[in-house]
Amino acid sequence: MKVFLCYDGDSIGHRVGKARMADDAIEIARVSQLIDKGNDIFRSFALENGGQVIQIGGDEGAIQVDAKFLESLEKIRDKYESITNATVSVGIGKTISEAFKALIVAKLRGKNRSVLFDNEIPKE
């Protein structure tokens, strides 16, 4: 069974915004490169496991993989943090909208976690 994962780097976009406000082009470029490397982790995870990239932009994206590969997700999140020096939140669902709703709940629950969509998610 294929599942969708929506992910978003935690507070890394804030680092770009802070650098913009400080007119720090070097820091903007540095953080942007880290974001690109973080996106590459999710892109590779999807493609190496027979999945597909649905959308990637900025510090967020959506991919689709077979559910059997979810056991590797925490390693992917750890790798993201190691490379970007930022945590990442992930929502998982059978549809893109479920995954996105689960991502929002992951953020609301404090970030730095993966949340699987269930019937309680819309209530949160």
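Here are some notes on a helix pair and the salt bridges in this predicted model.

1. Start with α1 (residues 12-21) and α2 (residues 25-48): their axes come within 9 Å and cross at roughly 165°. Angles over 145 degrees count as roughly antiparallel, so that is the label for α1 and α2. The crossing of the two is left-handed.

2. As for who touches whom, α1 brings Ile 12, Arg 15, Val 16, Ala 19 and Arg 20, while α2 brings Glu 27, Ile 28, Arg 30, Val 31, Leu 34 and Ile 35. Sorted by class, this α1 and α2 contact has seven nonpolar residues, four charged ones and no polar ones.

3. On to charge pairs: the salt bridge count comes to seven. One of them links Lys 107 and Asp 10, with the closest N and O atoms 2.6 Å apart. Lys 107 sits in helix α4 (residues 96-108) and Asp 10 in the loop between β1 (2-9) and α1, so this pair ties together parts 97 residues apart in sequence. Asp 10 is buried, at 5% relative accessible area.

4. Within α3 (residues 73-84), Glu 74 and Arg 77 are three residues apart, about one turn of the helix. They form a salt bridge, with 2.4 Å between the closest N and O atoms. Glu 74 is partly exposed at 39% relative accessibility, whereas Arg 77 is buried at 6%.

5. Lys 123 and Glu 120 also form a salt bridge, their closest N and O atoms being 3.4 Å apart. Lys 123 is exposed, with a relative accessible area of 64%, and Glu 120 is partly exposed at 43%. Elsewhere, shared partners join Asp 8, Asp 10 and Lys 107 into one salt-bridge network.

Terms used
Residues numbered from 1 in each chain as written. Predicted model: local features only at pLDDT ≥ 70, side-chain atom pairs only at ≥ 80, totals over all residues. Heavy atoms only, no water. Axes fitted to C-alpha atoms, helices over the stretch in contact; angles between N-to-C directions. Helix = DSSP H or I, 4+ residues; strand = E, 2+ residues; numbered from the N terminus. Parallel < 35°, antiparallel > 145°, perpendicular 65-115°, else oblique. Left-handed = near helix turned anticlockwise from the far one by under 90°. Contact = heavy atoms within 4.5 Å. Nonpolar A, V, L, I, M, F, W, Y, C, P; charged D, E, K, R; others polar. Salt bridge = Lys/Arg side-chain N within 4 Å of Asp/Glu carboxyl O. Buried < 20%, exposed > 50% of the residue type's maximum accessible area, 1.4 Å probe, protein only.
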